[in-house]
Structures are given as C-alpha cells and as structure tokens.
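Student: I am new to this structure. Please show me how to read it, feature by feature.

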Amino acid sequence: MPEKEGCVLRLHGVRDGVTKLGAGVRYAVWTQGCKKRCRGCMTPESRDMNGGYEMSASELARNIISSGREGVTISGGEPFLQARALASAIELVKKERDIGVIIYTGYTLEELCATGDSYVLRLLEICDLLVDGEYIDELNDGMNLRGSSNQRALALTERYAQSAAEYGTKKAEFELFWGAEKISIVGIPPKDMLERFKNIEF
Ligand code: SF4
C-alpha cells in the first residue's frame, strides 16, 4: 500500500471489536489532540497536541482492513484537526473494502464547512454519519451515543440514516475492556458512572 508523504496520524488509541460506538461491531480510532476545553470532558488526556503516539495512515488503514469489521468509528481528541491523514487512511481502506464511517467532532457541521479547508471537506465527503458539537456538561442527559443533548447525529449518507435516528433515545451505554494494566471504558457512559462504581460491593 503506497505511503503518502505527510500522512502520519497522532493517535490516542485504537480498539477492535467495540459495540457501543455505533451500529454493529466496529473498529474504533481515537485521535490525539484537541483545542477545545469542554468542562467535564471525559478524556482530557486526549487533548494534549503532543501526547499519544504516531501511526502512518497506511498502517492504520491496514489495521482496519485486517479487522474485517463493517465499520469504523473515529473520535478524539478532535479528529478534524487531522483531516488530511484521516481522509487518506479511510480512502485507502475504501479501495479495499466497503466500510462505513462514523465520526465525532467538537465542531458543528456548519463550522467545519465554513473552514473551507479542502481536507476537512474531503473527510466529510467520505464519512457516513457525523456526531457534531462540543460537549456541554449541563446538557448531559445520560442518553446514548452522544455526550450532551446539543450534539446531533447527522446522516451524511443513507448508510446509517436509520441508526442516526436512535442517537439520544435510550439510556447511555458503555462497555469495559480488561487489559493487563488497566480497564478501558468504551462508549459514552452516564455522567455519574464513576460515582456509581464507588458503591459497587463484591
Ligand atoms: S471536544 Fe471532545 S475531546 Fe475536546 S475538550 Fe471537548 S469533550 Fe474533550
């Protein structure tokens, strides 16, 4: 797979086999770096522009292809700060397989379009579902697949149009992955989740 110059991503993490970030079983990608400072951000460690680790767009594409999943969900950090490399990775995947793309952003669709940035527009063109808008802690109503009620699930193609209508209609869901050194929370958990965990008895 040819490497394009400059197509290196800074990532916060990746995980195969997630079920709480959109339709079906998916490959998840969290980019590193965000310029927003939403109060109550669930992953403040993903905001450091110099944190995380690097991965080429072609390596990410290979990993997504080899997962065999129907879809990929991209979150952050702020994915659109790395629109060029992300678009490159997704285009490489799409050359090999028909894959559905869900992407989260702290910007609104209107703000993204207003940038006029060709890479931002290119990334929008190849995504199927956009969950947009910054996280507003006061508007966190504990519902599924989005952090606060101002955020919209916008179907950019027909692929996930039906599931877009289900965002924010059920109680928030998440899953836990046990690793060797830590437990990872994947999905969008309810606001008081950590408080509730303190009350678990074994
Ligand atoms: S946009 Fe997302 S990652 Fe960035 S500060 Fe807000 S909640 Fe955190």
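Predicted model: local features only at pLDDT ≥ 70, side-chain atom pairs only at ≥ 80, totals over all residues.

Student: How do I read a strand?
Tutor: In a regular strand, side chains alternate between the two faces of the sheet. Strands (E, at least two residues) and helices (H or I, at least four) are DSSP runs, numbered from the N terminus. Now take strand E2, residues 26-31. Arg26, Ala28 and Trp30 point one way from E2. Tyr27, Val29 and Thr31 point the other way.

Student: Are the residues of E2 buried or exposed?
Tutor: Buried means under 20% relative accessible area, exposed over 50%, and partly exposed in between, with a 1.4 Å probe and protein chains only. In E2, 6 of the 6 residues are buried, so the strand is largely enclosed by the rest of the structure.

Student: Which strand runs antiparallel to E2?
Tutor: Strand E1, residues 8-18, does, and 6 bridges join it to E2. Two strands pair if DSSP finds at least two bridges between them. Arg15 has Ala28 of E2 as its bridge partner. E2 also pairs with strand E4, residues 71-75, in the parallel sense over 5 bridges.

Student: How do I read a helix?
Tutor: An α-helix has 3.6 residues a turn, so residues three or four places apart point the same way. Look at helix H4, residues 118-125, where Val120, Leu123 and Leu124 are buried. Seen down the axis of H4, the buried residues fall within an arc of 100°, so they line one face of the helix. The arc is that of the directions from the helix axis to the C-beta atoms.

Student: What covers the buried residues of H4?
Tutor: The cover includes helix H2 (83-96), strand E5 (100-104), helix H3 (109-115) and strand E6 (129-132). At the start of H4, a side-chain oxygen of Asp117 comes within 2.8 Å of the backbone nitrogen of Tyr119. That is a polar contact: a pair of N or O atoms within 3.5 Å; within protein, one must be able to donate a hydrogen and the other to accept it, and residues adjacent in sequence count only if both atoms are side-chain atoms.

Student: Where is Lys20, and what does Lys20 touch?
Tutor: Lys20 sits in the loop between E1 and E2. Lys20 is partly exposed, with a relative accessible area of 24%. Contact means heavy atoms within 4.5 Å. Not counting residues up to four places away in sequence, Lys20 touches Leu145, Glu173, Phe174, Glu175, Val186 and Gly187. Lys20 and Ile188 are 168 residues apart in sequence, yet 7.7 Å apart in space, C-alpha to C-alpha.

Student: And Gly52?
Tutor: Gly52 lies in the loop between E2 and strand E3 (53-56). Gly52 is partly exposed, at a relative accessible area of 48%. Neighbours within four places in sequence aside, Gly52 is in contact with Arg10, Leu11 and Gln32.

Student: How is empty space found?
Tutor: Rolling a probe the size of a water molecule over the atoms shows where empty space is left. On a 1 Å grid over the protein atoms alone, a cavity is a set of points where a 1.4 Å probe fits but cannot get out; a pocket is an open set with protein on both sides within 12 Å along at least five of seven lines; lining residues have an atom within 4 Å of a point. Grid points are joined across faces, edges and corners, and a volume is the space filled by probe spheres set on the points.

Student: Which residues line the largest cavity?
Tutor: They are Val29, Leu60, Ile64, Val72, Ile74, Leu86, Ala89 and Ile90. The volume of the largest cavity is about 30 Å³. H2 gives the most to this lining, with 3 residues.

Student: What is the volume of the largest pocket?
Tutor: About 1300 Å³. The largest pocket is lined by 49 residues, of which Trp30, Met42, Thr43, Gly76 and Gly187 lie nearest its centre. E9 supplies the largest share of the lining, 5 residues.

How values were computed
Residues numbered from 1 in each chain as written. Heavy atoms only, no water.
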